[in-house]
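Try each task before reading its solution.

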Amino acid sequence: MANHKSAIKRHKQSLVRNERNRANRTRVKNAIKAVQEHVLAQDKEQALQQLRLTSSVLDKTAGKGSIHWKKAARKISRMQRAVNAFSA
């Protein structure tokens, strides 16, 4: 365990950030699963609506630094292609 006051504070901060990042990543995973379920069910309207929500969640999470912004862009792009594939 840390001995200096500043090191103790840094440790506490890292624990708080760890929990926040974990919650954000879980939220992203659940949102992506929801889009995939609608794509598998061939429900275009619900898939598009969920895609809008999921892209918002991904952008917010990337903005907070929980995930890399390029990873967020890649996930959004792949979900968009999946939704567009069954509509064509």
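Buried means under 20% relative accessible area, exposed means over 50%, and partly exposed covers the range in between. Keep in mind that this is a predicted model.

**Exercise 1.** Find out how many salt bridges the whole structure holds, and classify R22 by its accessibility.

*Solution.* Start with the search: across the whole structure, one salt bridge turns up. Next, look at the partners: the side chains of E19 and R22 meet at 2.9 Å, N to O. Both residues belong to helix α1 and sit three residues apart, about one turn of the helix. Now apply the cut-offs. R22 has 42% relative accessibility, so R22 counts as partly exposed. E19, at 48%, is therefore partly exposed too.

**Exercise 2.** Check whether the length of α1 fits its number of residues.

**Exercise 3.** Which residues touch the most other members of the largest nonpolar core?

*Solution.* This core has 14 residues, and V39, L58, M79 and V83 touch the most other members. Helices α1 (5–40), α2 (44–64) and α3 (69–87) each give two or more residues to the core, with α3 giving the most, five. Now follow V39: V39 is among the buried residues of α1. Beyond its neighbours within four places in sequence, V39 contacts A47, A82, V83 and F86.

Key:
Residues are numbered from 1 along each chain as its sequence is written. This is a predicted model: local features need pLDDT of at least 70, side-chain atom pairs count only at pLDDT 80 or more; totals for chains, interfaces and linings use all residues. Side-chain values use heavy atoms; hydrogens and water are left out. A nonpolar core is a set of buried Ala, Val, Leu, Ile, Met, Phe, Trp, Tyr and Cys residues joined through side-chain atoms within 4.5 Å. Buried means under 20% relative accessible area, exposed over 50%, partly exposed in between (1.4 Å probe, protein chains only). Helices (H or I, at least four residues) and strands (E, at least two) are DSSP runs, numbered from the N terminus. Contact means heavy atoms within 4.5 Å. The expected span of a helix is 1.5 Å times one less than its number of residues. A salt bridge is a side-chain nitrogen of Lys or Arg within 4 Å of a carboxyl oxygen of Asp or Glu.
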